[in-house]
Amino acid sequence: MPDNRFAGLRRWGALCALAALPLGACDSILEVNDPDIIQDASSASGAIALMNGTALRFAQATSGGESLFLMGGLLADEWRSGDTFEQRNSTDQRSVLHTNSFLSGQYRAQARVRTEGQAAINALRRFVPTPTSNIGLMFAVSAFSTNLLGEHFCNGVALSGLDENRAIVYGNPLTVDSLFAIAAALSDSALQNVGGTGGARVGDLARIVKGRALLNRGQYAAAATAVAAVATSYKYDVTHSLNTNDNQNWSLNTSARRYTVGNNDGVNGLNFATAGDPRLPAGSVASTPLSFDSSTPFLAQFKWGRSDAVTIASGIEARLIEAEAALKTGDGANFLATLTVARATVTGLAPLTDPGTTVARENLLFRERAFWMFGTGHRLGDLRRLVRQYGRNAETVFPTGAFSKGGNFGTDVNL
């Protein structure tokens, strides 16, 4: 039988189209402005709205959406695909498709933080110049997103933007090192705007992003200097709630089972799920032994619930940056002592012993970074640094060998 469920709607649509024909010369009558979308500001309230909108975009581009936090970890060893979608499976296999529609959305999410952040900066300077910490925050989140693009994508990222008339100004392809340099410069701009309420919190976020960007550039001593003033107890959290957005590390793993926690993935992967590390409680779930695809064993993270905040920058990261700077100078004592300061903040972490050799210390450092910052967009950048800065062969760093869903892992090391 023919499906007539939408027949009435089709007839109504045809009548509307016919009725509109005589108005072809007056089509401006049909234009509608959406009062909920603020593209520019003409008042203090509009400027604040742009700032708040950028903050929401930033949450969506980090732990509030299926962001680079998840897809980057999937290409690395943090997550495995328990899904049926090719976009996730091919990324997990290190054979990233150029047509991967999930990545286009994640790329846009970072770009929106930058472009809307700049619009908010312009509006705040014009209509609400104080406290300057609001301006500083917009610079800091723009720096964060710019750095994240460099850590996850290959050379050739173009930072496009908008001019004063909101027309697109296309950027030129940039190297990832150029992105890191821009992120460091944006962090400096944030640090010049940290007056008033919240300034200290914004300043420490900017210091950590700058240190992270400099670390990506191989400027280890400068990176350590950048974060030296950040207290070990500092945290910058992205928050979640039932009426804003869910924590996607919970949603796509614990709830939907489309991602499963990595565990010795592809020979080289760390044992995230079975290490018994208090920084990352994880394991199997008796009631749901299989992932969404009904074949992949399901391993859940128990670190975050649906509305739990996610720490995306912290004093712990500052200490890890300092430890790496000490390692690069051959200062094994300070390297180990700095890692110990960080570990002292968590009950149940056993004391570390010096593994003795340079390579073993490097392995220890990157394992510590992996467990401290699981699920927060750091791991893929770290694996790429092991190749780029430490001279490791990619096939000794990334998952390799037989792929669990058939065939072998590919050779991709970036999105």
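Visitor: Let's start with the rings. How many aromatic pairs does the structure hold?

Guide: This is a predicted model, so keep that in mind throughout. The structure holds 9 aromatic pairs. Take Y107 and F153 as one of them: their ring centres are 5.2 Å apart, with 85 degrees between the planes. That makes the pair edge-to-face.

Visitor: Why quote two values for a pair?

Guide: A pair of aromatic rings is described by both the distance of the centres and the angle of the planes.

Visitor: OK. Where do Y107 and F153 lie?

Guide: Y107 is in helix α5, residues 101-127. F153 is in the loop between α6 and β2. The two parts are 46 residues apart in sequence, so the pair ties them together.

Visitor: Is F153 buried or exposed?

Guide: F153 is buried, with a relative accessible area of 10%. Y107 is partly exposed, at 25%.

Visitor: What about F272 and F371, how are their rings set?

Guide: Their centres are 5.2 Å apart, and the planes meet at 40 degrees, so this pair counts as tilted. The cut-offs matter here: under 30 degrees is stacked, and over 60 is edge-to-face.

Visitor: And which parts does that pair tie together?

Guide: F272 sits in the loop between β7 and β8, while F371 belongs to helix α13, residues 358-372. Those parts are 99 residues apart in sequence. Both F272 and F371 are buried.

Visitor: Which residues do ring pairs link into a cluster?

Guide: W79, Y259, F272, F371 and F374.

Visitor: Rings and charges next. Which ring does the charged end of R258 sit over?

Guide: The ring of F292, at 3.7 Å from its centre. There is also R279, which lies over the face of W372, 4.9 Å from the ring centre.

Visitor: New topic: strands. Which strand does β6 join, and how do they run?

Guide: β6 covers residues 235-238 and is joined to β10 by 4 bridges. The two run antiparallel. Y236 has A313 as its bridge partner in β10. For V238, the partner in β10 is V310.

Visitor: Which residues of β6 are on the covered face?

Guide: Y236 and V238. K235 and D237 are on the uncovered face.

Visitor: Why is β10 described as largely enclosed?

Guide: Count its buried residues. Of the 5 residues of β10, 310-314, 4 are buried, so the rest of the structure largely encloses the strand.

Visitor: I clicked on H378. Where is that, and which residues does H378 touch?

Guide: H378 is in the loop between α13 and α14. H378 is buried, with 4% relative accessible area. Leaving aside residues up to four places away in sequence, H378 touches R212, I312, E317, R369 and M373.

Visitor: Now the backbone. Where is there a cis peptide bond?

Guide: From T130 to P131, with omega near -5 degrees. P131 is in the loop between α5 and α6.

Visitor: Why point that out?

Guide: Most peptide bonds are trans, and most residues other than glycine have a negative phi.

Visitor: What is phi for R257 and S294?

Guide: For R257, phi is near 60 degrees, a positive value. For S294, phi is near 65 degrees, also positive. R257 lies in the loop between α10 and β7. S294 is in the loop between β8 and β9.

Visitor: Is S294 buried or exposed?

Guide: S294 is exposed, at 54% relative accessibility. R257 is partly exposed, at 23%.

Visitor: Zoom out for me. How many helices and strands are there?

Guide: The chain has 14 helices and 10 strands.

Visitor: How does the radius of gyration fit a compact globule?

Guide: It agrees. For 415 residues, a compact globule would have a radius of gyration near 22 Å, and the chain has 23 Å. The C-alpha trace spans about 85 × 60 × 40 Å along its principal axes.

Visitor: And what share of the residues is buried?

Guide: 50% of the 415 residues. The chain exposes about 18600 Å², and carbon and sulfur atoms supply 55% of that.

Visitor: Last one. What share of contacts joins residues at least 24 apart?

Guide: 70%, among contacts between residues at least 6 apart in sequence.

Key. Residues numbered from 1 in each chain as written. Predicted model: local features only at pLDDT ≥ 70, side-chain atom pairs only at ≥ 80, totals over all residues. Heavy atoms only, no water. Buried < 20%, exposed > 50% of the residue type's maximum accessible area, 1.4 Å probe, protein only. Pairing = 2+ DSSP bridges. Phe/Tyr/Trp six-rings, centres within 6.5 Å; stacked < 30°, edge-to-face > 60°. Lys NZ or Arg CZ within 6 Å of the ring centre and 35° of its normal. Contact = heavy atoms within 4.5 Å. Rg over C-alpha atoms; globule rule 2.2 N^0.38 Å. Areas by Shrake-Rupley, 256 points an atom, 1.4 Å probe, with all protein chains shown as cover.
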